[in-house]
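Take a look at how two chains can be joined.

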Amino acid sequence: MVIMAADRQAVSLGLGTGMKLADARARVPDLLAFDHQPLADADLLSRLAEACERYTPMVAVEPPHALILDITGAAHLHGDEERLAQDAEDRLDAAGYNARWALAGTADAALALARHGLKEGAEAQLPVAALAMDAKTHQSLERAGLYRIGDLAERPRANLAARFGMELTLRLDRILGLEDRPIDPLRRIGNIVTERRFAEPLTHIDAALACLSELFAEAAERLNERGQGARMIRMMLFRCDGDVARLGLETGAPTRDAPLFQRLLRERIAALNDELNPGFGYDLIRLSIVASEVLAPQQLRLEGGEDRRGDEVALVSQLSTRLGRDRVQKFAPADSHIPEQGLLALPALNAPPPVPWKRQSPDNPPMRPLHMFDPPQRVQVIAEVPDGPPYRFTWRRKSHQVMRYEGPERIASEWWQRKDGQQPGKGGLTRDYYRVEDARGRRYWLFRHGLYGEEKANPDWYVHGLFA
Amino acid sequence: MNNIDSDSGQALEPSPDNPSAVPPAIPAKPSVLRARLARILAASGVRTSEDDGAPSHFGFGVERIDAALRGNAKADGLPRAALHELHAENRDDRTSAAAMALLMAQRCRNLDQEARPVLWISESGEARRQGRLYPPGLAELGIDPDSILHVDAPDAIAALRAAADGVRSSAMAAVIIELAGKKPKGLDLTATRRLSLSAQKSGTLSLILRSGSDPDNPLPTAAFSRWSVAAAPSLALEANAPGHPAFDINLLRHRSGLYGLNARLEWNRDDQVFREQQGAPDTGAVPALAAVRTDHQGTRAA
């Protein structure tokens with residue numbers, strides 16, 4: 001058995017990696033040895049990588065012991081590069097890890113420098129072992145009198161390549177910063193894209209739709225692996241003459257349901273302004289899942305019963321696809337006391353969780369109308385006194401005699417929204433609302449716009465809503 | 001293979017010498033299991049979700065009317081799984097008719113164990129001209145605005161199609177479709193027949209709300225019942241304030257041949273029930289006694 005890793009204390013006693021365990025035991029009889037667990041190490045390393053996402057979203061794991069952070073454009077947040085690296089070292093140190101770091105223009109240069117304990121700009125001093133080729137190559141390089149990277153850098157590449165292969169010159173260039181390689185960051189979960197290419201273009205629309213359904217089924221399988229469902233799907237149909245048809249779908253809840261997708265797709269195509277025209281045929285069809293959300297598998301009820309929540313979501317998705325997302329709405333209260341601004345009609349596709357509405361005091365008749373006019377409609381009012389309740393009003397060329405009324409309910413304007421703030425008579429007009437009932441039993445919500453005498457000499461009247 | 005053999009084989013057949021043997025095991029298909037479970041549950045009186053005990057009829061909560069609506073059905077009131085038509089008696093009664101439709105849907109919704117939304121479909125042009133639904137006003141009537149799924153259809157055809165989808169899915173407690181004008185495009189016997197059949201199948205209450213129609217000479221439809229709704233003077237509250245919402249309803253047509261059923265109803269938000277308006281209809285200038293707020297009667301200003 002061989003020592004794979006040793007802690008600081010063990011190193012200070014002269015033990016190190018690669019030593020046989022029996023030899024180490026002979027030197028230090030009370031040595032504590034644990035089994036090597038590569039998986040646990042990898043797990044730890046990926047957790048450290050996640051922790052390093054505080055510095056940059058581009059963190060790649062370089063097994064067995066290294067992390068590569070692409071701090072391009074992220075260094076200024078910590079002052080400069082040195083300070084960022086120092087901060088990382090301090091944090092790792094505080095957590096009990098022994099970290100070595102180096103900054104360099106390319107990932108390979110930084111790795112080589114860090115492994116050999118050098119700093120930026122010292123690439124030439126690296127031993128040839130930094131190339132991480134096999135031991136034989138390192139040996140023959142040293143035999144040729146080339147001990148350092150600096151020695152190699154001066155040689156003509158062609159000769160080196162002829163003797164040791166292209167691999168060596170490639171690695172050399174990477175360490176010297178002449179060439180870069182992309183890193184493989186941890187969070188690379190991108191959009192799911194599935195596509196089909198056709199040697200013979202599809203000229204039939206049904207075939208294209210069948211192909212889209214197949215592509216969605218493929219995408220759904222991959223979504224299933226991630227435990228997600230699609231919220232937004234984008235499809236592109238490339239015609240061989242260069243025309244591209246784009247289709248988008250949105251669902252009310254994450255889904256992997258192929259029949260639902262087909263239904264929505266049909267709706268979407270039926271709602272198109274200009275029909276899909278395959279023309280000379282589609283030679284590439286691509287489907288991408290643009291937005292997805294967690295969708296855990298659900299247990300069906302054994303005794304049957306319908307999945308009503310799912311039905312509702314399917315209905316909302318279907319109607320939104322056909323009519324447009326803004327036409328299928330849920331209501332939400334808004335924070336304003338101005339009646340027409342006290343509500344929001346949000347698309348039901350991504351409506352927020354319900355917020356409680358204002359509670360009514362029991363035993364009161366409705367104080368707010370069921371139907372509202374926005375903007376309010378002008379009425380002619382005859383009142384006994386200019387600042388009193390209406391006596392008779394004319395709306396839509398019909399005269400209504402007020403039999404009962406209640407009011408006024410005074411609603412001030414939002415003067416704090418104005419530039420000048422509250423100044424008497426300048427902060428917008430106050431409304432005096434009256435609930436009135438005419439002789440036929442219809443109930444109206446009227447208001448006088450502006451206080452008589454103070455805000456306006458001759459205030460106008462409006463009908464703002466109708467009560468049941 | 002072994003599994004299937006042992007399931008359908010003779011080993012588990014009840015033998016004559018063992019009369020109390022368990023019934024033969026059936027290949028475990030979910031549908032078969034469900035059927036068995038339903039039988040067991042029915043025998044033990046447990047309510048399942050498939051038949052969640054929700055009544056098949058709903059009423060106004062006024063005994064006289066509900067009993068009269070019984071017809072030759074098994075229960076009082078109107079059937080839920082059907083299409084009903086509500087006409088605003090006059091164009092100005094549109095708000096009252098809308099409120100009546102929403103309140104009928106609400107009464108129906110209250111029968112359910114699990115809360116389902118109400119689909120409200122209206123034409124956007126009509127809503128712009130004649131006023132749109134105002135959620136705080138819904139809340140004032142005792143209807144949770146969150147329970148409304150509002151569809152703003154561009155025209156009558158789109159509204160009818162949306163209604164057909166809504167009625168077909170069983171996700172909605174009720175579907176209300178508002179159509180204006182004497183003869184809305186697409187509203188014919190076929191369309192209403194389709195809605196009515198879907199409603200019977202899914203058990204969703206479907207209401208067609210008509211304003212600006214001619215209730216005396218309506219379009220032929222396949223609705224189960226047809227009502228005309230008008231606003232009625234309310235019973236005044238203290239200081240002659242307008243009172244609780246009041247409606248004049250009139251049954252124009254009913255599948256079982258009922259006709260001419262009138263009532264003046266008042267909505268009681270706190271109990272979520274209608275009641276017949278007490279006292280003489282008051283249309284004069286003299287305020288009636290406040291029958292609603294009994295606690296104010298003594299102090300009411302004349």
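**Where the chains meet**

A:Q329 stands opposite B:H150, a residue of β6(B). Keep in mind that this model is predicted. The strands around this pair are β7 of chain A, residues 328–333, and β6(B). They pair in the antiparallel sense over 2 bridges. In general, strands of a sheet pair through backbone hydrogen bonds, either parallel or antiparallel.

In β8(A), A:L343 is the bridge partner of A:P333.

What order do the strands of the open sheet follow? The order is β8(A)-β7(A)-β6(B)-β4(B)-β7(B)-β8(B)-β3(B)-β9(B)-β10(B)-β11(B)-β12(B). That makes 11 strands, with mixed pairing. β8 (343–347) of chain A and β12 (273–276) of chain B stand at the edges. Each has a single partner strand, so one side of each is left without a neighbour in the sheet. Neighbouring strands are turned by 30° against each other on average, direction ignored.

α4(B) touches several strands of chain B, including β3 (83–88) and β8 (205–211). Its direction makes about 175° with that of β8(B). Helix α8 of chain B, residues 189–202, touches β3 and β8 of chain B. The direction of α8 makes about 130° with that of β3(B).

Finally, consider the whole contact between the chains. Chain B gives 59 residues and chain A gives 54 residues. Among the elements of chain B that each supply at least two residues to its side are α2 (30–44), α4 (94–109) and β6 (148–153). By class, that side of chain B has 32 nonpolar, 15 polar and 12 charged residues.

How values were computed:
Residues numbered from 1 in each chain as written. Chains lettered and ligands numbered in written order. Predicted model: local features only at pLDDT ≥ 70, side-chain atom pairs only at ≥ 80, totals over all residues. Contact = placed C-beta atoms within 7 Å. Helix = DSSP H or I, 4+ residues; strand = E, 2+ residues; numbered from the N terminus. Nonpolar A, V, L, I, M, F, W, Y, C, P; charged D, E, K, R; others polar. Pairing = 2+ DSSP bridges. Axes fitted to C-alpha atoms, helices over the stretch in contact; angles between N-to-C directions.
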